Amino acid sequence: MKCIIIDDEPLARKLLVDYIVKVPYLELRGAFSSALDALEMINSQHVDLLFLDIQMPDINGVDFLRSLHSKPSVIFTTAHSEYAFDGYQLDVLDYLLKPFNFSTFLRSVEKVKRLNPMSIPAKSEKEQPFIFLKQGNVLVKVQVSDIYYIKGLKDYLRIITKKGQYVVLQTMKSMLEKLSPYHFVRVHNSYMISIRHIESVDSTKVKVGGEPIPIGGMYKKHFHESIKDLLDEGKV
């Protein structure tokens with residue numbers, strides 16, 4: 001079941017990511033701090049389940065859901081119980097009141113699974129995560145597993161992959177929100193990397209895709225913690 005998270009609170013997003021990766025039939029496609037940032041993915045890719053916060057900047061979750069032409073299954077995640085009636089009117093499948101624990105989360109997604117059994121693919125049919133990159137008037141599909149690293153160029157990003165390079169008009173922040181669930185981490189003001197493609201690390205740089213990339217002082221602690229977490233989980 002392909003799902004995305006929209007929540008403006010970093011800790012709330014991280015908690016949902018941690019819960020989602022524990023559930024075998026959930027496949028996280030992205031975690032966003034803004035509903036508007038998530039709109040491109042919802043419109044361009046099939047999404048089965050949306051974990052949606054309500055009180056957010058720019059547009060709240062209720063109004064955002066009303067604006068969608070094709071709605072995925074939705075679980076509201078909010079600290080405000082007064083929105084339950086709005087959820088009922090919009091056919092929201094469940095309502096998680098913050099703070100919630102893993103068992104409450106699991107009951108909620110099991111409910112969605114029972115109501116939408118066709119959204120659970122066979123294991124062999126599970127599609128690899130991908131993003132679309134706009135190149136002129138064309139959208140190019142790029143497998144996330146093919147991306148080595150991303151370099152910031154003022155208002156643009158250069159995305160270096162196994163099959164070539166792409167330049168897109170996008171912020172580092174919005175791209176990191178899309179890719180962080182797939183073990184991408186920012187290591188410098190101008191760089192984010194795929195942890196899975198690291199070739200070597202020393203005190204000042206990390207080598208990815210044959211390229212030595214500097215590790216900025218303010219990112220060093222988080223970078224090393226990210227590597228340690230994956231090693232502890234046996235994922236690298």
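**Figure 1. Gln 45 and the residues it touches.** Setting aside neighbours within four places in sequence, Gln 45 is in contact with Arg 29, Phe 130, Ile 131 and Phe 132. The model shown here and in the other views is predicted. Gln 45 sits in a loop, between helix 2 (35-44) and strand 3 (49-52). Is Gln 45 buried or exposed? Its relative accessibility is 8%, so Gln 45 counts as buried. Among its contacts, Arg 29 has a further link: the side chains of Gln 45 and Arg 29 make a polar contact at 3.0 Å.

**Figure 2. The whole predicted protein, for orientation.** The protein has 236 residues, and buried residues make up 47% of them. Its secondary structure consists of 7 helices and 15 strands. Now take the contacts with a separation of 6 or more: residues 24 or more positions apart account for 52% of these. The protein exposes about 12,500 Å².

**Figure 3. The largest nonpolar core.** This core has 21 residues. Which residues have the most contacts inside it? They are Ile 5, Ile 20, Leu 26, Leu 49, Phe 51, Phe 105 and Val 109. Several elements give two or more residues to the core: strand 1 (2-6), helix 1 (10-20), strand 2 (27-32), strand 3 and helix 5 (102-115). Helix 1 supplies the largest share, 4 residues.

**Figure 4. Phe 105 inside the largest core.** Phe 105 is one of the residues with the most contacts inside the largest nonpolar core. What does Phe 105 touch, leaving aside its neighbours within four places in sequence? Its contacts are Leu 16, Tyr 19, Ile 20, Val 23, Leu 26, Phe 51, Leu 96 and Phe 100. Of these, Ile 20, Leu 26 and Phe 51 are also listed among the residues with the most contacts in the core.

Figure 5. Most peptide bonds are trans. The bond from Lys 98 to Pro 99 is cis, with omega near -5°. Look for Pro 99 in the loop between strand 5 (94-97) and helix 5.

**Figure 6. Two residues with positive phi.** Most residues other than glycine have a negative phi. Lys 154 is not a glycine, yet its phi is positive, about 55°. His 183 also has a positive phi, near 70°, and is a residue other than glycine. Where do the two lie? Lys 154 is in the loop between strand 8 (147-153) and strand 9. His 183 is in the loop between helix 6 (172-179) and strand 11 (184-188). Their surroundings can be read from accessible area. Lys 154 has a relative accessible area of 87%, so Lys 154 is exposed. His 183 has a relative accessible area of 18%, so His 183 is buried. The cut-off for buried is under 20%.

Figure 7. Tyr 156 is in strand 9 (residues 156-161). Its relative accessible area is 41%, so Tyr 156 is partly exposed.

Terms used. Residues are numbered from 1 along each chain as its sequence is written. This is a predicted model: local features need pLDDT of at least 70, side-chain atom pairs count only at pLDDT 80 or more; totals for chains, interfaces and linings use all residues. Side-chain values use heavy atoms; hydrogens and water are left out. Buried means under 20% relative accessible area, exposed over 50%, partly exposed in between (1.4 Å probe, protein chains only). A polar contact is a pair of N or O atoms within 3.5 Å; within protein, one must be able to donate a hydrogen and the other to accept it, and residues adjacent in sequence count only if both atoms are side-chain atoms. Contact means heavy atoms within 4.5 Å. A nonpolar core is a set of buried Ala, Val, Leu, Ile, Met, Phe, Trp, Tyr and Cys residues joined through side-chain atoms within 4.5 Å. Accessible areas come from the Shrake-Rupley method with a 1.4 Å probe; for residues, only the protein chains shown count as cover.
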